[in-house]
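The sequence and structure come first, and the description follows.

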Amino acid sequence: MSLLEVRDLQVHFETDDGVVKAVDGISFDVERGETLGIVGESGCGKSVANMTILGLTRSPVTRISGRILFEGGDLAQASSDELRTVRGNDIAMIFQDPLTSLHPFYKVGRQLVEAILTHQEISKKAARKRAVELLGLVGIPDGERRIDEYPHEFSGGMRQRVMMAMALVNDPKILIADEPTTALDVTIQAQILALVERLQEQFGMAVILITHDLGVIAESADNVAVMYAGRIVERGTLDQIFYDPQHPYTWGLLGSLARPDRPRVKRLSQIQGQPPSLLAPPEGCHFRPRCPHEFAKCPQVPGLEVRGGEPGHADRCWLSPEQKRTLRVIEAGRIGLEVPAA
Amino acid sequence: MARYIARRVLWGVALLVIVSAVVFVLFYVFPSADPAKLRAGRTANPQLIEQIREQLHLDDPIYVQFWDYMKGVFLHFDFGRSFTSQADVRTIILDRLPATALLVAGSVVIWLMIGLPVGIISAVMRRSLLDRSTMIITLAFISAPVFWLGLVALYLFAQDVGLIHIFPGIGSYLSADTFLAKCESMLLPWMVLAAATAAIYARYLRSSMIDTMSEDYIRTARAKGLPERDVVLRHGVRSAITPIVTLLGLDVGLLLAGNAILTETVFNIPGVGQQIVLSIRRSDLPMIQGIVLFGAFFIIIFNLIVDILYAYLDPRVRYQ
């Protein structure tokens, strides 16, 4: 059994304009110690799905269905109190913007100690000691002094390290990292990703890495789920997704990636158009309106099944495996989403 | 910090000098009536008026009058004597101040005790029936003029003229001799004066709280597994309440400066506000001057307190 099993998760928000289907039936597993990368553009539901795992999207206007199985319980059905004991304890989360994710009025030490004391029955002194220790672990030197500083006295990268320390204080089994490097300089990004990897080994935890950046995925993920407009459109191992992509949306993502290791192309390929409104997504395949390869079958919803890929490599595209293999190549050795010139 | 405070105090003094000058110019150069004539009464003859003018130094050149006045205020804490009663202005103001101070102090406590919880609960239970109804009620209190609210309150609850005899009525402050009796006589005025402000604070804190609760650090607090009560009170309110401090400083300063005038009038409380109306009607320039300066002093002081408090409330704010 997997550590975390998400089954047919739906998260819908009732708004004045109608129901927003932010997450529309996604399923995935997270194994012990693995890194699952979830990739997709802004608004595809990747953050909402993961915040729902922790119950952070619950509200009077949210409709959540499906199952989130973790350690024998279903987090989708759990009471708020039960969820609270999981949050920050078994499953921790760090967020995109470390500048705004820490409370500006409290010293980082206090915020760390608070996270420890929420879940552990230890003395304040012991909690503080543990906090200093963790600051060292995430690469913040002189923790004894810096613990008494306020968040605004830290740089962006350092603040993300503080967030990481806060997430790790209770030895979580899963760390959900929601765009942890997006707000940081590229050089800092690499440091933070390396840190996540090191801590993952040290703590033996699983990581769900949410990002819009395939580069980040390539660097860290074992398995990848590609999300588009509330659904997972393709799921497989890192190699499967990068070297044998089945879904046109994945082709588009790969084609838009700058590859300094390859000969320079004239122009990066781009995906035309905008993601659909989640208030009224298109019938059938959600990617249909932007896909140059649309055909008669696309108005039906394609299930997430193994179609042309290896076992375990599933996608939601009606094209035949042969068509996929030829259509995705836009020039010799390059995958993308443009209709190749005849 | 010490240097900052010293600089602010110096600025405050400079500001007081400027305020004195402006008030002096306004009332001495453009008086609403000739104080000498007013003083002389209806049957006055020109000689008497001239004599009074001389007595009050109104015949001196303006700059001499101004210089004399400023010297008195800033060197001797002497605000001169009332044109109408010859009484010492400082004594009159200090006599009147306790009533106003008691009125303001009690009403601050009431409006904070009501406004803050209502604001927080409304924000947390946003869009609920409770939230919607309290927001309508607060709007009603904000819209109701204080003098009208005061009269309605008296009509309903005063022991002398009210339908239900619960609270001491008009003028009960004047006859109260112990502190407790004074407080009791203030109950109705406190509530009337607090009503609108409590409503404003509730609405203000509600919107400030709603903004705060959507901040990233609130999400972090929830993701830590904190109980929702701690998320709201320790993380939410702590941030949302800081702008309220600014508001509070301004309001207290203004009320002490005479803004409680309507409440004082309705309930016949012998406070600073009542005195200034009286003095303006009589063109009693030294009295007006004195009260305005006292008011300016309170506003400056409370602003300074707010700014200093702010540095403690928000660690990102550092003065130098």
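## Helix packing in chain A

For the helix pair taken up here, axes are lines fitted to C-alpha atoms over the stretch in contact, and the angle between them runs from 0 to 180 degrees between N-to-C directions. The model is a predicted one, and in it the axes of helix 3 (residues 108-119) of chain A and helix 4 (residues 124-137) of chain A come within 9 Å and cross at roughly 115°. The crossing of helix 3 of chain A past helix 4 of chain A is right-handed.

On the side of helix 3 of chain A, the contact is made by Gly109(A), Leu112(A), Val113(A), Ile116(A) and Leu117(A), which meet Lys124(A), Ala127(A), Arg128(A), Arg130(A), Ala131(A) and Leu134(A) of helix 4 of chain A.

## The four-stranded sheet of chain A

Chain A contains an open sheet of 4 strands in the order 2-1-4-5, with antiparallel pairing. Strand 2 (18-30) and strand 5 (73-74) of chain A stand at the edges with a single partner strand each, and therefore one side of each has no neighbour in the sheet.

Strand 1 of chain A pairs with strand 2 of chain A in the antiparallel sense over 10 bridges, and these two strands form a hairpin with 2 residues between them; Thr15(A) has Gly18(A) in strand 2 of chain A as its bridge partner. Strand 1 (residues 4-15) of chain A also pairs with strand 4 of chain A, again in the antiparallel sense, over 8 bridges. Within strand 4 of chain A, Ile64(A) is the bridge partner of Val11(A), while Leu69(A) is that of Glu5(A).

Between strand 4 (residues 62-70) of chain A and strand 5 of chain A there are 2 bridges in the antiparallel sense. Here Phe70(A) is bridged to Gly73(A) in strand 5 of chain A, and Leu69(A) stands opposite Asp74(A) in strand 5 of chain A. Strand 4 and strand 5 of chain A form a hairpin with 2 residues between them, and Glu71(A) in the turn has a positive phi of about 50°.

## The eight-stranded sheet of chain A

A further open sheet in chain A has 8 strands in the order 6-7-8-3-9-10-12-11, with mixed pairing. At its edges stand strand 6 (91-94) and strand 11 (305-306) of chain A, each with a single partner strand, so one side of each is left without a neighbour in the sheet. Strand 3 (residues 35-39) of chain A runs parallel to strand 8 (residues 206-211) of chain A and is joined to strand 8 by 5 bridges; in this pairing, Gly37(A) stands opposite Leu209(A) in strand 8 of chain A.

## A bent helix in chain B

Helix 9 (residues 179-213) of chain B has 35 residues, yet its end C-alpha atoms are only 43 Å apart, short of the 51 Å that a straight helix would reach at 1.5 Å a residue. Helix 9 of chain B has a kink of about 45° at Leu187(B), shortly before the proline Pro189(B).

## Where chain B touches chain A

In the contact between the chains, 17 residues of chain B meet 22 residues of chain A. Helix 10 (216-223) and helix 11 (228-240) of chain B each supply at least two residues of the side of chain B that touches chain A, and the largest share of that side, 6 residues, comes from helix 10 of chain B. The residues of the side of chain B that touches chain A divide into 5 nonpolar, 4 polar and 8 charged.

How values were computed: Residues are numbered from 1 along each chain as its sequence is written. Chains are lettered from A and ligands numbered from 1 in the order in which they are written. This is a predicted model: local features need pLDDT of at least 70, side-chain atom pairs count only at pLDDT 80 or more; totals for chains, interfaces and linings use all residues. A crossing is left-handed if the near helix is turned anticlockwise from the far one by less than a right angle, and right-handed if clockwise. Two residues are in contact if their C-beta atoms, placed from the backbone, lie within 7 Å. Ala, Val, Leu, Ile, Met, Phe, Trp, Tyr, Cys and Pro count as nonpolar, Asp, Glu, Lys and Arg as charged, and the others, Gly among them, as polar. The expected span of a helix is 1.5 Å times one less than its number of residues. The bend at a residue is the angle between axes fitted to the seven residues ending there and the seven starting there. Two strands pair if DSSP finds at least two bridges between them.
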